Amino acid sequence: MSAVVAEHDDHHDHGPEKGLLRWIITTNHKDIGTLYLVFSLAMFFLGGAMALVIRAELFEPGLQFVEPQFFNSMTTMHALIMVFGAVMPAFVGLANWMIPLMIGAPDMALPRMNNMSFWLLVAGALLLASTLFMEGGAPASGWTLYPPLVLQTGAALPFAIFSVHLLGISSIMGAINIIATIFNMRAPGMTLMKMPLFVWTWLITAFLLIAVMPVFAGAVTMLLTDRFFDTSFFNAAGGGDPVLYQHIFWFFGHPEVYVMILPTFGVASTIIPVFARKPLFGYSSMVYATASIAFLSFIVWAHHMFTVGMPIAGELYFMYATMLIAIPTGVKVFNWTATMWKGSMTFETPMLFSIAFVVLFTLGGFTGLMMSVAPSDFQYHDTYFIVAHFHYTLVPASVFILMAAAYFWLPKWTGNMYDEKLGQLHFWLSAISVNVLFFPQHFLGLAGMPRRIPDYAVQFADWNMVSSIGAFVFGFSQLLFLYIVIKTIRGGTGEKVTDEVWEDASKHSLEWTLPSPLPYHTFTTPPKEIPTEHF
Amino acid sequence: MNNDTKQKNRKLVRNLVLIAVGMFGFGYVLVPIYDVFCDITGLNGKTASVAAAETARDIDVSREVTVEFVTSLNQAAPMAFRAETYKMKVHPGQYYTVNFYAENLTDKPMIARAIPSITPGLAAEFFTKTQCFCFDEQSFEAHESKTMPVRFVVDPKLPKKYKIITLAYTFFDNTELTAKKQK
């Protein structure tokens with residue numbers, strides 16, 4: 001299987017640059033993938049620390065640790081950093097690492113642009129984080145940045161807006177690169193319908209990004225001109241309408257949340273067949289379901305704003321359109337279940353995280369379905385119920401799958417096996433604490449506790465305390481993940497892994513036909529055979 | 001990477017960048033689309049911005065509609081603002097006048113603008129005003145208070161399902177903005 005490395009010629013360089021400069025000027029897709037992943041892990045801990053500030057304050061009723069203004073900054077920054085700094089870049093990192101390997105390409109199509117999009121991300125994130133130290137504090141309007149509230153932000157407003165521009169440009173460049181790679185760099189014989197699902201989901205995600213990130217950039221630019229150049233896009237006194245912002249924002253925002261979940265589906269569809277030792281139950285139905293979800297994401301945005309006073313016809317349209325999403329999503333969930341059905345399953349850490357994903361994502365999906373019902377949404381709107389919903393679809397879904405992906409591919413990347421015992425400990429700590437953390441928030445929301453408040457009525461005290469305990473256990477459990485990753489990079493259990501790492505993995509996808517650890521350059525000549533197990 | 005692939009990449013990137021730039025523009029196009037859409041459907045409860053002529057209408061004495069009045073101030077504008085009554089029962093087709101009181105609480109002249117909104121939004125087209133302080137900017141001397149009548153009629157064609165109409169006014173302190181525009 002190592003025929004590829006044997007035939008390098010002398011004109012190519014043999015490995016990476018020496019020293020720190022390697023990481024700054026690199027155009028190698030594996031290096032950039034690593035940079036993205038390390039950066040997103042750092043942001044995950046930064047955003048997590050902010051979440052713990054929130055949960056510490058909410059441990060008891062009353063104001064304990066922080067001022068309300070700073071508390072609101074924490075909810076806003078936690079969301080922005082987790083969305084734009086942690087989850088999205090983590091999937092871009094995986095895309096950088098895995099897409100060229102999975103389609104048999106030597107690198108991404110546009111390596112220099114790849115480097116630039118990473119460093120723009122760092123610049124954007126630093127700019128965003130710097131607002132914490134500005135006069136008037138960081139943005140405190142919630143990550144949706146609704147006017148007129150957001151226009152009351154202090155000195156931080158233009159910086160926050162420019163950081164959104166930078167983050168947007170970075171992800172658009174990343175998306176363009178991914179599309180170009182998938183369209184133009186596939187190995188001979190790798191037709192579109194033979195691509196692994198992770199590649200398919202990213203292709204569709206990249207199109208979503210190109211379609212909606214510019215719209216968001218436009219919306220925040222309107223905020224900027226409203227505040228500094230006396231335009232009145234969202235100012236009713238000048239003939240504008242603040243509700244318009246909500247429409248534009250959610251036209252971006254709903255596809256945006258699918259940007260975070262579609263690659264998750266792709267990774268789950270990659271991991272589950274390997275450990276079920278079966279082909280994926282329905283490959284093409286997965287592709288079409290992904291495309292349907294992406295299409296539907298553009299026509300359901302106003303379900304985020306059922307309470308703004310839409311006429312009944314509007315409420316009904318957005319209600320039914322939203323319910324439609326449950327169909328392709330159901331296709332996916334049944335697909336994963338059917339893939340596991342009668343499989344020879346084993347329960348290594350990546351599989352455990354993937355199974356937890358299927359169960360808990362479905363739970364998050366069901367609460368989504370509850371909120372799609374417009375009349376009952378009036379009760380859930382802006383309460384902890386919505387907080388519980390989207391955290392279930394993000395943390396035990398996207399984040400768990402990112403963990404699964406790390407355990408799944410780290411042995412391939414490093415050539416070292418992670419510590420399975422510690423991995424399983426990390427899984428059980430996370431899986432239990434994440435439910436202790438978020439499940440009680442359903443009860444709080446249904447009982448009427450509003451989101452984004454630093455203090456609350458005493459009737460909510462008990463479940464908030466439980467939730468906070470879960471939060472701290474979950475947060476500190478992730479330090480174990482950090483330890484496991486570092487330990488694996490430094491040699492792991494000492495056991496050298498085989499080329500395919502997992503039993504028969506090479507039947508599923510091309511990366512497992514390469515040597516472990518992966519050489520710096522791979523597929524300089526295209527692979528001769530395309531694995532077909534995922535049909 | 002051979003030249004053929006490079007060529008293909010360049011073309012694809014150009015097209016994708018064009019899509020991204022186009023979508024940035026689309027975000028701005030949404031603004032007029034929204035206005036036109038709201039205009040046609042009357043979704044957002046905007047009332048006419050100019051006075052209608054007072055014409056005699058058939059009064060439907062058999063029917064009563066409750067009209068509620070809500071007053072608020074944007075970003076704690078330094079004013080006092082209230083309606084003489086919170087709600088009144090009206091017959092469709094009959095003209096009514098209700099007084100609003102506003103006072104400038106500062107020591108300086110002020111220019112303020114009231115923005116009306118009707119809930120439910122679709123009832124807005126059946127609510128006609130022949131006189132309103134919201135048609136123009138209002139200027140106040142320091143500590144000046146004003147009584148501002150609103151004369152309105154509810155169209156008898158108002159669909160039967162609407163029993164309550166809420167008319168909300170928000171006063172915006174526009175002193176700075178107007179001064180800037182006049183420069």
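Guide: Two residues are in contact if their C-beta atoms, placed from the backbone, lie within 7 Å. This is a predicted model, in which local features need pLDDT of at least 70, side-chain atom pairs count only at pLDDT 80 or more, and totals for chains, interfaces and linings use all residues. Residues are numbered from 1 along each chain as its sequence is written, while chains are lettered from A and ligands numbered from 1 in the order in which they are written.

Visitor: Which residues is A:Ile401 in contact with, leaving aside neighbours within four places in sequence?

Guide: They are A:Thr264, A:Val267, A:Ala268, A:Phe353, A:Ser354 and A:Phe357.

Visitor: Which residues touch the most other members of the largest nonpolar core?

Guide: A:Ile401 is one of them, together with A:Val199, A:Ala219, A:Phe357 and A:Ala404, in a core of 179 residues. A nonpolar core is a set of buried Ala, Val, Leu, Ile, Met, Phe, Trp, Tyr and Cys residues joined through C-beta atoms within 7 Å. A residue is buried if 20 or more other C-beta atoms lie within 10 Å of its own, exposed if 12 or fewer, and partly exposed in between, with C-beta atoms placed from the backbone. A second, separate core has 27 residues, including A:Ala237, B:Val65, B:Ala123 and B:Cys134.

Visitor: How many residues does each chain give to the contact between A and B?

Guide: Chain A gives 27 residues and chain B gives 30 residues. On the side of chain A that touches chain B, α7(A) gives the most, with seven residues.

Visitor: Now chain A itself: how many helices and strands?

Guide: Chain A has 16 helices and zero strands; helices (H or I, at least four residues) and strands (E, at least two) are DSSP runs, numbered from the N terminus. Its C-alpha trace spans about 70 × 50 × 45 Å along the principal axes.

Visitor: What share of chain A counts as buried?

Guide: Of its 535 residues, 54% count as buried.

Visitor: And A:Pro100, where is that found?

Guide: A:Pro100 lies in helix α4 (residues 68-103) of chain A.

Visitor: Is A:Pro100 buried or exposed?

Guide: A:Pro100 counts as buried, because it has 26 C-beta neighbours inside 10 Å. Beyond its neighbours within four places in sequence, A:Pro100 is in contact with several residues, among them A:His29, A:Thr181, A:Met185 and A:Phe523. The C-alpha atoms of A:Pro100 and A:Met185 are 7.9 Å apart, although 85 residues separate the two along the chain.
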